[in-house]
Amino acid sequence: MTRALLALGAAAIVLTATPADARHYSNVAKCAKWRNDQCVQWNVLTRRQARREAEFRVGYDFGPRYSYVDANALPHPLVTEYHLGTNFRYVDRDGYVYVVNPSTYRVVRVLPMP
């Protein structure tokens with residue numbers, strides 16, 4: 001009887017034990033370190049991180065009530081490099097600047113922050 005209980009307890013532990021840091025990676029990579037305007041280190045994203053990255057791609061609709069920033073609030077090198085002006089709206093989030101069409105509220109460009 002005790003052997004059966006021990007075997008049942010051991011089987012329960014084995015079946016429920018999974019590594020706490022088990023991660024499922026995607027095929028999406030993101031730049032982790034920039035040097036001289038070039039990426040020098042890449043990180044492979046987990047599936048959850050890749051879904052979040054894909055959330056705000058070109059064509060995403062932010063809507064009229066989203067809090068946009070002016071081009072003056074963005075870093076000056078980014079504004080001059082990409083010729084950003086007042087004819088678009090901008091969203092500064094998660095290390096990217098999303099250029100949004102003010103009439104459709106859709107993302108037209110995704111720019112990495114320097």
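Okay, ground rules. The model is predicted, so to speak of local features we need pLDDT of at least 70, and side-chain atom pairs count only at pLDDT 80 or more, while totals for chains, interfaces and linings use all residues. Numbering starts from 1 along each chain as its sequence is written, and side-chain values use heavy atoms, leaving out hydrogens and water.

Fold next. We've got 3 helices and 5 strands, taking helices (H or I, at least four residues) and strands (E, at least two) as DSSP runs numbered from the N terminus. Their order is α-β-β-α-α-β-β-β.

On to packing. Of the 114 residues, 19% are buried, meaning under 20% relative accessible area with a 1.4 Å probe, protein chains only; exposed is over 50%, and partly exposed is in between. A nonpolar core here is a set of buried Ala, Val, Leu, Ile, Met, Phe, Trp, Tyr and Cys residues joined through side-chain atoms within 4.5 Å. The largest one has 9 residues, including A71, L74 and L111. Helix 3 (76-82) and strand 4 (96-100) each put in at least two. Apart from that core sits another, with 8 residues, F56 and Y98 among them.

Last, the rings. There are 5 aromatic pairs, counting Phe, Tyr and Trp (six-membered ring) with centres within 6.5 Å; under 30 degrees between planes is stacked, over 60 edge-to-face, the rest tilted. So what about F62 and Y66? Their centres are 4.7 Å apart with planes at 55 degrees, so that's tilted. F62 is buried at 10%, and Y66 is partly exposed at 27%. Ring pairs tie Y60, F62, Y66, Y68, Y96 and Y98 into a cluster.
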